[in-house]
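Student: Please take one part of this model and go through it closely. I would like a single connected account, with the cut-offs behind each term.

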Amino acid sequence: MTNPTYVQEYEAIVEVLNKYNEGGAKADSSIMRPAFSEHATMFRIENSKLEGGPIEGLFKTIDTAFRPSPEAKAAIVRIDIVGTVANARVDTDNISGFRFTDFFNLVKVDGQWTVVNKIYHAHDSN
């Protein structure tokens, strides 16, 4: 089949997002790294200011500040796909004691989906 169906594209993106989720739960950036373009970026609001930059900051944080969290749960809330671009939302509970909502922008490069940008919100831990 030369043109993948929507379902096939959706499943391929789920595989990418699952690498991210697994790497976070295991506190091991080497598992999630293949999900991201080497040019990927990450941004958030911290103390009312926009912060972020190259995705390497995420990998460093995962490896140094996170702990393995077998109790972590992640839900892929939605995936929107149009041609060679997509957007996804993932909500994660109890990952190193935190709760996050992540939004990912993905592109399909050489037949493979890759994350090019992540923005996220860290929920209060009440």
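Tutor: A polar contact is a pair of N or O atoms within 3.5 Å; within protein, one must be able to donate a hydrogen and the other to accept it, and residues adjacent in sequence count only if both atoms are side-chain atoms. The model is predicted, so local features need pLDDT of at least 70 and side-chain atom pairs count only at pLDDT 80 or more, while totals for chains, interfaces and linings use all residues. Residues are numbered from 1 along each chain as its sequence is written, and side-chain values use heavy atoms, with hydrogens and water left out.

By that definition, the side chain of Thr 101 makes a polar contact with the side chain of Asp 91, at 3.3 Å. Thr 101 is found in strand β5 (strands are DSSP runs of E, at least two residues, and helices runs of H or I, at least four, numbered from the N terminus). Its relative accessible area is 6%, so Thr 101 is buried (under 20%; exposed is over 50%, partly exposed in between, with a 1.4 Å probe and protein chains only).

Strand β6 (residues 112-122) and strand β1 (residues 36-46) pair in the parallel sense over four bridges (pairing requires at least two DSSP bridges between strands).

These strands belong to an open sheet of six, in the order β2-β1-β6-β5-β4-β3, with mixed pairing. Its edge strands, β2 (49-54) and β3 (73-82), each pair on one side only. From one strand to the next, the twist averages 15° (axes are lines fitted to C-alpha atoms, for helices over the stretch in contact, with angles from 0 to 180 degrees between N-to-C directions).

Two helices lie across strands of this sheet. Helix α1 (residues 6-25) lies across β1, β3, β4 (85-95), β5 (98-109) and β6, and runs at about 145° to β3. Helix α3 (residues 56-65) lies across β1, β2 and β6, at about 75° to β1.

Gly 24 has its place in helix α1. Its relative accessible area is 4%, so Gly 24 is buried too. Between the C-alpha atoms of Gly 24 and Val 7 there are 26 Å in space, and the two are 17 residues apart in sequence. Beyond four places in sequence, Gly 24 is in contact with Met 32, Ile 62, Phe 66 and Ile 95.

Definitions and conventions
Contact = heavy atoms within 4.5 Å.
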